[in-house]
Amino acid sequence: MPETASGDRDYVAVALAYAREAVADKKGRRFGRLIRLGAQRFLDDLKRAKRKDAPFRFDEWHAVDVCDFIEKLPHVEGKWATPEIVLHRSHVFFLVNLFGFRKPDGTRRFTSALFAVARKNAKSTLAAAILLYCQCCEDEEGAQVISAATTGSQARIIFNVAKRMAEKTADLRDAFGLECWANAISRVETGATFKPINAKASTQDGLNPSHVGLDEIHAHKSADLLNVLTSAAGARACPLWLYTTTEGYTNPGPWAEIRQFAKQLLEGVLGDTADHFLAVFYAVDDGDTDFDEAAWHKANPLADSNPHLIAAIRKEAVEAKAMPSKLAEFQIKRLNRPASAANGFILLPKWKACDGAVDLEALRDVPCWGGLDLASTRDLTSLRLVWKLDGKLLTWGRRWVPNAAVTQRTERGTVPYAGWVAAGLLEQTEGDVTDYAVIEAAVLDVCSRFNVQAIGFDRWNATELCNRLLTAEVPMVEFVQGPKSYHPAMTELERAYVSGALAHGGDPVLGWCASNLIARKDQNLNLAPDKKRSADKIDDVVALLMAIGLSGSAPVEEDLDAFLNSPVVA
């Protein structure tokens with residue numbers, strides 16, 4: 001096997017040098033925090049791949065082959081120094097990651113990949129080239145390669161670039177038997193097709209996507225298209241979900257969930273449970289000012305090779321300074337900042353350091369307090385206990401999810417519910433909604449095992465279950481949902497984890513919920529969890545806060561009898 005497929009560039013060496021340069025930039029002068037984390041993950045994964053028990057290996061030939069293929073493709077837009085594409089180091093880094101790591105059966109390790117970057121950094125060209133490579137070079141009989149978007153014109157952006165590349169390269173068409181049509185690129189030998197698909201067309205029969213490019217996923221105003229395509233791809237052994245995007249304005253679509261998942265993955269919140277997902281995220285850091293030109297490179301990796309890009313950003317910066325109406329657009333499109341960046345309540349490095357063991361046997365007779373969050377019946381439900389012992393705050397809990405939630409999260413691939421269920425970290429109940437009979441039995445079991453002083457609960461969805469628990473003499477106490485009750489608990493939790501006085505046993509589900517937590521403030525600056533603005537589920541950390549509140553820091557407004565004797569107004 002030659003050192004490189006083309007004989008011109010050692011692509012793996014380029015990717016390695018790029019990753020090492022990013023990791024070495026500890027002060028973040030040229031590389032943003034998220035890309036530095038992604039580079040460190042790449043270097044760590046190369047070490048993991050050499051272990052005998054590794055779930056994947058690194059294959060240099062596959063890493064080189066895709067880069068060599070793409071550098072034989074022509075430019076189809078604009079004027080360039082060379083007729084063929086010359087991959088930027090950032091693109092080589094992404095491709096070597098995506099195609100170099102292989103499962104034991106030889107298929108790609110990564111089945112989902114995110115490339116997030118500011119506009120005009122060639123992400124659509126990169127996506128088109130990747131999908132064309134998959135159609136030609138991945139061994140998938142009857143492959144359905146799709147460029148998907150909510151509208152036909154948006155879906156055709158990637159497709160048209162790929163089609164033009166094929167039309168301009170006779171050697172490519174001859175080598176792989178490609179035929180270019182108005183709305184498809186076909187390959188007779190394998191029956192593979194490459195088509196643009198919009199939301200309306202995605203409901204047609206016969207859809208079985210193998211490789212899907214979703215360009216500008218931030219623009220999707222709902223998850224409907226993604227859900228349809230995900231469900232249709234169930235028969236594929238090694239699909240590819242390729243998300244290429246710039247930040248966008250807030251909407252109810254899937255981007256907020258994907259972004260949060262990618263950041264948690266890079267932060268290490270998910271451990272090794274998301275080995276299927278590659279995240280390469282270029283953005284300025286939170287501490288960077290909008291008009292600090294030295295920071296723009298973090299969101300615009302091509303700026304070091306494209307002087308026109310920096311010139312364009314400078315012009316837009318002048319307008320953004322003078323016209324507030326253009327500032328948000330500048331932040332989103334040129335700096336890759338979210339439209340309304342909400343800051344998380346939890347500092348993850350400090351939180352992860354509180355992974356001390358929780359010895360349940362030693363705590364059996366120690367007084368404890370609980371929190372029961374029943375806010376969601378279709379997703380996560382949580383029961384959590386806290387103990388205060390020797391200046392430490394210790395916590396342990398149980399969580400439940402219905403079958404339907406595990407299935408949906410697994411199909412979307414954004415939260416590892418199935419892995420957590422297999423590891424015993426989540427308990428799965430039958431049906432589409434959480435089985436409260438299972439939770440009732442668990443509460444009774446916990447009360448029989450531990451010295452429970454009180455269990456706080458939110459009255460929403462709780463009446464019938466709490467009636468039964470009260471009859472069983474469980475000390476249930478309503479925890480009023482608002483800043484007055486939550487503020488003391490949130491400040492105590494903050495002091496505990498920042499000082500290292502918290503012990504959560506390295507619980508990944510609790511850590512995931514904690515990383516999602518956004519706080520809201522009232523006019524007196526009292527804090528409470530904000531479920532509407534939090535990126536994903538926070539139920540487990542809400543249960544923790546209720547337990548801490550009952551342990552003595554937060555006021556208890558009503559007892560259970562008062563709650564049961566008052567009407568609940570829907």
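Q: What does "buried" mean here, and how many residues of α4 are buried?
A: Buried means under 20% relative accessible area. In this predicted model, eleven of the twelve residues of α4 are buried, so the helix is largely enclosed by the rest of the structure. Among the buried ones are His91, Phe93, Phe94, Asn97 and Phe99.

Q: How far does helix α4 reach from its first C-alpha to its last?
A: A helix is expected to span 1.5 Å times one less than its number of residues. Helix α4 covers residues 89–100 and reaches 15 Å, close to the 16 Å expected.

Q: What span should helix α18 have, and how far apart are its end C-alpha atoms?
A: Helix α18 has 17 residues, 483–499, so it should span 24 Å; its end C-alpha atoms lie 23 Å apart, which agrees. Buried residues of α18 include Tyr486, Met490, Glu492 and Tyr497. Just after α18 comes Gly500, with a positive phi of about 85 degrees.

Q: How many aromatic pairs are there?
A: Two rings pair if their centres lie within 6.5 Å. By that rule the count is 24 aromatic pairs. Take Trp255 and Phe281: their ring centres are 6.2 Å apart and their planes meet at 20 degrees, so this pair is stacked. Trp255 belongs to helix α9 and Phe281 to strand β10, so the pair ties together parts that are 26 residues apart in sequence. Both Trp255 and Phe281 are buried.

Q: Which charged ends sit over the rings of Phe56 and Phe281?
A: Here we look for a Lys or Arg charge placed over the face of a ring. The charged end of Arg109 sits over the ring of Phe56, 4.0 Å from its centre. Over the ring of Phe281 sits the charged end of Lys263, 5.7 Å from the ring centre.

Q: What is the volume of the second largest pocket, and which residues are closest to its centre?
A: Its volume is about 1100 Å³. Of the 35 lining residues, Trp80, Lys120, Asn121, Ala122 and Leu302 are the closest to the centre. The elements giving two or more residues to this lining are α5, α6 and α11, and α5 gives the most, with five.

Q: How do the residues of that lining divide by type?
A: Sorting by side-chain class, the lining of the second largest pocket has 15 nonpolar, twelve polar and eight charged residues.

Terms used
Residues numbered from 1 in each chain as written. Predicted model: local features only at pLDDT ≥ 70, side-chain atom pairs only at ≥ 80, totals over all residues. Heavy atoms only, no water. Helix = DSSP H or I, 4+ residues; strand = E, 2+ residues; numbered from the N terminus. Buried < 20%, exposed > 50% of the residue type's maximum accessible area, 1.4 Å probe, protein only. Phe/Tyr/Trp six-rings, centres within 6.5 Å; stacked < 30°, edge-to-face > 60°. Lys NZ or Arg CZ within 6 Å of the ring centre and 35° of its normal. 1 Å grid on protein atoms, 1.4 Å probe; cavity = no way out; pocket = protein on both sides within 12 Å on 5 of 7 lines; lining within 4 Å. Points joined across faces, edges and corners; volume = space filled by probe spheres on them. Nonpolar A, V, L, I, M, F, W, Y, C, P; charged D, E, K, R; others polar.
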